[in-house]
Amino acid sequence: MVMKMTKQERSWVLYDVGNSAFVMLSTALIPVYFATLAEPGSSVVVAWGYAETAASLILALLMPVLGSLADLKGNKKKFLIGFIGTGAVACAALGVPTHALAFLVVYVISSIMLNGSMVFYDAFLVDATTEERYDVVSSNGYAWGYIGSCIPFVACLAVVLGGPAIGIDVGTGMKIAFVITAAWWVAFSVPVIRNVHQTHYKPRQPHLMRATFRGLGTTMRDIARDRRILLFMLAYFFYIDGVHTIIKMSTSYGTELGIDSVQLVLALLVTQFVAFPSAIAYGRLATRFGTRRMLLVAVAAYFGITLFAAFFLTSAFEFWILAICVGLFQGGIQALSRSEFGKIIPKEHANEYFGFFDIFGKYAAVMGTFFVSLFTQITGNPSAGVLSIAVLFVAGFILMARVPAGVYEDGPAA
């Protein structure tokens with residue numbers, strides 16, 4: 001399927017393969033490693049949730065301005081390279097801190113760089129392919145990202161779990177894992193940097209910073225006046241909050257419930273394999289039935305997943321069920337959200353609009369992880385924190401259902 005793509009499309013897809021390695025590591029192994037550094041008796045869920053909240057908040061404040069600057073001719077790739085380089089160095093340096101707070105600081109930096117690079121990468125979709133292929137290419141990005149992330153992750157598992165058999169302790173194994181992940185990330189960044197070029201851009205103006213902030217104000221007014229974009233972004237704000245929170249907090253939640261770390265990691269690895277065909281299938285189904293309809297299906301499914309996690313998740317077996325269910329819908333909801341947004345925005349302002357798109361996603365992630373940490377801290381029950389996520393999917397479903405019919409329905413069923 002990838003071979004049927006153009007060189008630019010394949011190069012764009014490969015960056016998902018590269019950055020997904022760090023996403024996988026930060027979801028599965030890094031929270032478990034952080035638990036070994038944390039003070040005895042402290043809550044891993046609370047500390048990790050606040051760290052993710054800080055990273056999301058900082059990124060949400062930065063990206064609209066940086067996105068507007070990146071829309072200028074030649075800037076998009078420069079910002080992409082800068083964020084990848086800084087993020088990879090921070091990823092490799094995660095093995096240096098020996099105290100929990102210092103580790104969280106380095107992790108926050110690496111997380112900001114990773115997610116910032118993905119904003120510029122998402123905006124490159126409009127340069128890498130044509131509008132009618134957004135759904136297919138975006139879905140393949142997530143799909144191959146899931147599979148590609150498994151290769152370095154398995155290598156990391158071999159070093160961390162199998163290391164003691166050859167004299168490598170777990171701490172040293174994790175240091176090696178951080179370097180492996182950083183190298184993989186950089187290696188698969190090369191194709192998009194070499195082969196995808198910025199074809200949509202806005203002209204440079206005198207008084208750059210003044211023009212940048214003036215442009216941001218204009219974009220905000222345009223978003224507020226365009227009911228298509230506004231309703232879509234509000235819906236996205238709520239449902240992607242739940243998605244990101246589940247991704248970021250799943251391992252720490254399982255650890256808090258006392259589930260064995262090996263079971264947690266292996267279950268999340270299975271998620272990647274389930275998500276691969278599911279993401280591709282979602283791209284095809286969107287072409288047939290319409291993207292809006294498929295997004296509604298995914299949001300409703302995530303609502304059910306949240307209830308299952310809050311009321312039924314008590315053992316490794318239930319966590320495996322949860323991981324498989326998440327894999328069925330995770331890639332689809334993210335890929336179709338990205339591709340649909342790319343269809344309705346001015347292409348020469350792609351970074352700027354994706355910067356605001358990222359605000360909605362990252363501020364939502366601030367809210368979700370904060371609520372999980374807060375309710376867990378207040379009640380002493382992590383299930384109560386997880387249950388708070390359900391309302392976000394309800395709000396997202398209602399708002400997406402109000403998007404005017406036909407606006408986002410791009411398949412024959414429209």
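The exercises below examine the helix packing and nonpolar cores of a predicted model. Local features require pLDDT of at least 70 and side-chain atom pairs pLDDT 80 or more, while totals for chains, interfaces and linings use all residues. Residues are numbered from 1 along each chain as its sequence is written, and side-chain values use heavy atoms, with hydrogens and water left out.

**Exercise 1. State the secondary structure content and the buried share of the protein.**

Step 1. The protein has 17 helices and 0 strands; these are DSSP runs numbered from the N terminus (helices H or I, at least four residues; strands E, at least two).

Step 2. Of the 414 residues, 59% are buried (under 20% relative accessible area, 1.4 Å probe, protein chains only).

**Exercise 2. Describe how helix α1 packs against helix α5.**

Step 1. The axes of α1 (residues 7-28) and α5 (residues 100-123) come within 11 Å and cross at roughly 155°. Axes are lines fitted to C-alpha atoms over the stretch in contact, and angles run from 0 to 180 degrees between N-to-C directions.

Step 2. The two helices are therefore roughly antiparallel (angle over 145 degrees).

Step 3. The crossing is left-handed (the near helix is turned anticlockwise from the far one by less than a right angle).

Step 4. Residues in contact (heavy atoms within 4.5 Å) include W12, Y15 and F22 of α1 and Y107, L114 and Y121 of α5. The contact residues divide into 9 nonpolar, 5 polar and 1 charged. Here Ala, Val, Leu, Ile, Met, Phe, Trp, Tyr, Cys and Pro count as nonpolar, Asp, Glu, Lys and Arg as charged, and the others, Gly among them, as polar.

**Exercise 3. Determine the geometry and composition of the contact between α7 and α8.**

Step 1. Helices α7 (residues 134-162) and α8 (residues 170-187) pack at an angle of about 160°, with their axes 8 Å apart.

Step 2. They are therefore roughly antiparallel to each other, and their crossing is right-handed (clockwise).

Step 3. Among the contact residues are I151 and V159 of α7 and I180 and W184 of α8. The contact comprises 11 nonpolar, 3 polar and no charged residues.

**Exercise 4. Characterise the largest nonpolar core.**

Step 1. A nonpolar core is a set of buried Ala, Val, Leu, Ile, Met, Phe, Trp, Tyr and Cys residues joined through side-chain atoms within 4.5 Å. The largest has 117 residues, and W12, Y239 and F341 have the most contacts inside it.

Step 2. Helix α5 supplies the largest share of this core, 14 residues.

Step 3. Another core, of 8 residues, lies apart from it and includes A143, Y146, A275 and A279.

Technical notes
Angles under 35 degrees count as roughly parallel, over 145 as roughly antiparallel, 65 to 115 as roughly perpendicular and the rest as oblique. Buried means under 20% relative accessible area, exposed over 50%, partly exposed in between (1.4 Å probe, protein chains only).
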